[in-house]
Amino acid sequence: MKPLMLHGHERSITQIKYNRDGDLLFSTAKDSRPTVWYSENGERLGTFDGHNGAVWCVDVSWDSSHVITGAADSTARIWNAETGQTLHEIKMHSSVRTCGFSYSGKQVVISTDSQMGKPCELAIFDINRMDKPLCTLAMPSGHKITSALWGPLDQYIITGHEDGALCHYSTEGKVVHQARHHTKAINSIQSSLDQTMIITASKDNTAKLCDSGSLEHKKTFKTERPVNSAAMSALRPHVVVGGGQEAMDVTTTSTRIGKFDARFFHMVFEEEIGRVKGHFGPINSVAFHPNGKSYSSGGEDGYVRIHSFDSSYFDFEFEH
């Protein structure tokens with residue numbers, strides 16, 4: 001399983017995202033230039049130039065016509081995916097931590113950090129009328145949103161918080177459900193391809209599988225270090241998690257200990273089934289290809305690695 005190593009960023013990767021067809025891979029980093037790649041051969045198609053700070057998040061619409069990014073320059077930008085032109089620039093009060101298109105592509109959700117005396121805010125915009133949000137919700141102190149995505153049928157938004165809470169917010173900005181399965185901050189949330197399940201990654205060294213409708217906890221995948229990202233395969237009952245200790249502690253330990261491996265777990269039995277080495281630092285984001293035949297990871301080392309699975313992966317059967 002020889003990976004494609006994509007080196008188009010000068011600083012650490014913050015998020016990677018496939019489009020719905022899986023032919024494009026979008027990456028953001030702390031270097032202000034979101035990049036799009038061909039996932040098949042790792043060719044760089046181009047960059048989206050315009051941000052003036054670290055870019056924290058990226059999402060692509062269902063038909064791959066628009067891309068949204070959020071950055072530390074307190075703006076979110078909607079781009080034409082084909083030409084790289086900025087279509088809309090949304091100015092917020094503090095840096096944009098999460099952003100996402102609804103399934104229909106007609107609405108976007110944006111959340112900001114609590115900075116400079118400004119609270120963390122959740123805002124929903126109509127893509128045809130970007131001058132003011134449909135609704136804005138300020139979060140209480142200590143309840144900052146660290147990850148957000150749209151639920152099935154665009155009925156609600158699922159948010160993960162720095163206090164470990166998992167919430168459903170309606171499109172009017174009301175709390176519908178709330179659950180607390182983690183003891184520390186949730187770093188990321190990803191949904192399954194059919195949007196029935198979500199997987200959360202947390203600083204409490206676990207990734208957890210939950211029902212996206214009821215937020216009921218189903219499975220737990222334990223590691224020995226903080227989990228930055230976790231993703232589900234659409235083909236096999238497998239989960240990949242990536243993480244590592246805090247970036248500032250990295251220089252004090254050896255890479256040989258296996259601290260920066262991508263780890264595969266069986267979704268049902270919660271057992272670790274394999275590891276993939278490669279990154280020279282914590283893995284910040286992982287994503288499965290929509291067809292389940294490959295996965296990608298982005299790390300603190302600035303590399304995006306695309307791994308295509310060998311035939312032995314598809315022949316593997318878990319003994320239970």
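In the predicted model, strands β20 and β21 form a hairpin with 5 residues between them. L215 lies in that turn and has a positive phi of about 60 degrees. The two strands run antiparallel and are paired over 5 bridges. Strand β21 covers residues 217–222, and its residue T220 is the bridge partner of K208.

Strand β20 also pairs with β19, residues 197–202. This pairing is antiparallel too, and 5 bridges join the strands. Here K208 of β20 stands opposite T200. The hairpin of β19 and β20 has 3 residues between the strands. Within this hairpin, N205 takes a positive phi near 75 degrees. Strand β20 itself, residues 206–211, is mostly covered. Of its 6 residues, 5 are buried. In a regular strand, side chains alternate between the two faces of the sheet.

Cysteine pairing was examined next. The search of the whole structure returned 0 disulfides. A disulfide is a covalent bond between the sulfur atoms of two cysteines. The cut-off applied is 2.5 Å between the sulfur atoms. For C99, the closest cysteine sulfur belongs to C57 and lies 3.1 Å away, so the two are too far apart for a bond. C99 is buried, at a relative accessible area of 7%. For C120, the closest cysteine sulfur is that of C167, at 11 Å, which is also too far for a bond. C120 is buried as well, with a relative accessible area of 2%.

Salt bridges are present in the model, and the whole-structure search finds 16. One of them joins R33 to D49, with the closest N and O atoms 3.2 Å apart. R33 sits in the loop between β3 (24–29) and β4 (35–38), and D49 in the loop between β5 (44–47) and β6 (55–60). The pair therefore ties together parts that are 16 residues apart in sequence. Both ends are partly exposed: R33 has a relative accessible area of 38%, and D49 has one of 44%.

A further salt bridge is formed by the side chains of R180 and D163, at 3.8 Å from N to O. R180 belongs to strand β17, residues 175–180, while D163 lies in the loop between β15 (156–161) and β16 (165–170). This contact therefore ties together parts 17 residues apart in sequence. D163 counts as partly exposed, at 23% relative accessibility.

E272 and R263 also form a salt bridge, and their closest N and O atoms are 2.7 Å apart. E272 is partly exposed, with a relative accessible area of 31%, whereas R263 counts as buried at 5% relative accessibility. Both belong to one network of salt bridges with shared partners, which joins E224, R225, D261, R263, E272, R275 and K277.

F48 and W79 form one of a tilted kind, 5.5 Å centre to centre, with 55 degrees between the planes. This pair links distant parts of the chain, 31 residues apart. F48 is in the loop between β5 and β6, and W79 is in strand β8, residues 75–80. Both F48 and W79 are buried.

F288 and F309 form another tilted pair, at 6.1 Å centre to centre and 40 degrees between the planes. F288 lies in strand β26, residues 283–288. F309 lies in the loop between β28 (304–308) and α1 (311–315). The pair therefore ties together parts that are 21 residues apart in sequence. F288 counts as buried at 8% relative accessibility, and F309 counts as buried at 11%. Both residues take part in one aromatic cluster, made up of F264, F288, Y295, F309, Y313 and F314.

Arginines also lie over aromatic rings. R236 lies over the face of Y313, at 6.0 Å from the ring centre. Y313 is a member of the aromatic cluster that includes F288 and F309. Elsewhere, R97 lies over the face of W56, at 4.2 Å from the ring centre.

Key
Residues are numbered from 1 along each chain as its sequence is written. This is a predicted model: local features need pLDDT of at least 70, side-chain atom pairs count only at pLDDT 80 or more; totals for chains, interfaces and linings use all residues. Side-chain values use heavy atoms; hydrogens and water are left out. Buried means under 20% relative accessible area, exposed over 50%, partly exposed in between (1.4 Å probe, protein chains only). Helices (H or I, at least four residues) and strands (E, at least two) are DSSP runs, numbered from the N terminus. Two strands pair if DSSP finds at least two bridges between them. A salt bridge is a side-chain nitrogen of Lys or Arg within 4 Å of a carboxyl oxygen of Asp or Glu. Rings of Phe, Tyr and Trp (its six-membered ring) pair if their centres lie within 6.5 Å; planes under 30 degrees apart count as stacked, over 60 as edge-to-face and the rest as tilted. A charge sits over a ring if NZ of Lys or CZ of Arg is within 6 Å of the ring centre and within 35 degrees of the ring normal.
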